[in-house]
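Subject: Structure handover

Hello,

Here is the structure for your files. My notes on it follow below.

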Amino acid sequence: MENPSQNLKTAPVLSLRRFHISEDYGFLLPNPLKELPDHFRPWMEIANELPHLIESHQLQARVNKMPLLNCRFLRGYREQRLAHLVLSVMAMGYVWQRGENQPEEVLPRNLAIPLVEVSRSLGLPPILVHSDLVLTNWTPRNPERPLEIGNLDIIVSFPGGESLRGFILVTVLVEKAAVPGIKALVQAVNAILQRSQNSLLQALQRLKLSIQDITRTLGQMHGMQLLKSEGSAWDKRAWRFGRVEHALVTAGQNYGMREFVLTLLKASLILCSQVGPEMTDLGWLWALI
C-alpha cells in the first residue's frame, strides 16, 4: 500500500487563486461591477427599481414584458456574477411578490432561461445565495479609504431599507476580516506538506487572531438596530437571518476562544500525524493557549 506521508510530501502547494479566492478580499468578489453592457439594460433597470416594484406589486408585470436576452454577450467572470445577482434577485422578488402565502410557482422563460444558463456557467444554484447577496453586492464609496461601514454601499437594493442594507454591509466586513484566517489555513496546509512545525504554529496563531477579529466585527450587528421584527416579509426574513447571526455570536462567546483554538489544534494534529511522528509533539502547540 502507498504511504500516505509520501502523497503529502509530493502534493502541490495549495494556492487561493485556483478557487477564485482573492489574497486581499478572500471570498468577496474584488471590485464588483455595478453595471452590465447595454444589451442587458432591461435587467439593470428592473434591478435598480426593485424595492419600489416589489412594494407596489409591479415586479411581475415588468418582468413579464422583459425581452429574452442572450447570455453569450456576458464578457467574463465578473459580468456573470453581476448577472447572477440581478437575475436571482428578480426571481426571488417574482416568486414572493404577493407574500409568503401566495408564492408564484412558475417563472417566465425570459427570466428562467438566462438565470439557469448563468447559474450553470458559474456552478451556482439558480436562486439568490450568499455569493449574490453579500459577496457580489458591495462597493466602496471611496476606493482610497479603508473598508468600513461608513465607506460601503450595496449595488442592488432590497425592500427593508437601511435594516437589510446594514445587515449586508456588516456581513461584507466579516468576510473581509476572515481574509487573514483564510490565508493562515493555506499556510497551515502548506506547512504540513512541507513538514514545517514553525510555519504551522505561525499559521494557527494568525488563524486565532483572525477569528477574534471576525467576532469583533460581528459585534457591529448589535447596537446598530439593523434588524426589525416587524414590517414586510422581506424585513421578517432579514430578522430571522439576524437571529441566526446573534445565536452564532452568542454561541461563540460562550464556547470561548480557548476551546475553539483547542479544536483547531486537534484537527492540526490529525493532519500532522499523516506526515510523520516528528510533527505530533504536543509541546510546541500549547503556546497558542
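Because Arg165 and Glu162 are three residues apart in helix H8 (residues 161-177), about one helical turn separates them.

Some notes on the basis of these values. This is a predicted model, in which local features need pLDDT of at least 70 and side-chain atom pairs count only at pLDDT 80 or more, while totals for chains, interfaces and linings use all residues. Residues are numbered from 1 along each chain as its sequence is written, and side-chain values use heavy atoms, with hydrogens and water left out.

Overall layout

The chain has twelve helices and two strands (DSSP runs numbered from the N terminus, helices being H or I with at least four residues and strands E with at least two). From the N terminus, the order of elements is α-α-α-α-α-α-α-β-β-α-α-α-α-α. Of the 289 residues in the chain, 45% are buried. Contacts (heavy atoms within 4.5 Å) between residues at least 6 apart in sequence join residues at least 24 apart in 71% of cases.

Salt bridges

The whole structure holds nine salt bridges. Arg141, Asp153, Glu162 and Arg165 are linked in a network of them. Asp153 is partly exposed, at 24% relative accessible area.

Another salt bridge joins Glu49 and Arg62, whose closest N and O atoms lie 3.4 Å apart. Glu49 sits in the loop between H2 and helix H3 (50-55), and Arg62, 13 residues apart from it, in helix H4 (residues 59-64). Both are partly exposed: Glu49 has a relative accessible area of 31% and Arg62 one of 29%.

What is the nearest side chain of opposite charge to Arg81, which is buried yet has no salt bridge? It is Asp132, 5.5 Å away (Lys and Arg count as positive, Asp and Glu as negative; His and the chain ends are not counted). Arg81 is found in helix H5 (residues 77-96). Leaving aside neighbours within four places in sequence, Arg81 contacts Leu29, Leu122, Ser131, Asp132, Leu135 and Thr136.

Helix packing

Helix H2 (residues 41-48) and H5 have axes that come within 10 Å and cross at roughly 55° (axes are lines fitted to C-alpha atoms, for helices over the stretch in contact; angles run from 0 to 180 degrees between N-to-C directions). H2 and H5 are therefore oblique to each other (under 35 degrees is roughly parallel, over 145 roughly antiparallel, 65 to 115 roughly perpendicular, the rest oblique). Trp43, Met44, Ile46 and Ala47 in H2 meet Leu82, Ala83, Val86, Leu87 and Met90 in H5.

Helix H9 (residues 179-193) packs against helix H10 (residues 197-218) at about 160°, with the axes 8 Å apart. That angle makes H9 roughly antiparallel to H10. The residues in contact include Pro180, Gly181 and Ala184 of H9 and Ser199, Leu200 and Gln202 of H10.

Regards

Terms used:
Buried < 20%, exposed > 50% of the residue type's maximum accessible area, 1.4 Å probe, protein only. Salt bridge = Lys/Arg side-chain N within 4 Å of Asp/Glu carboxyl O.
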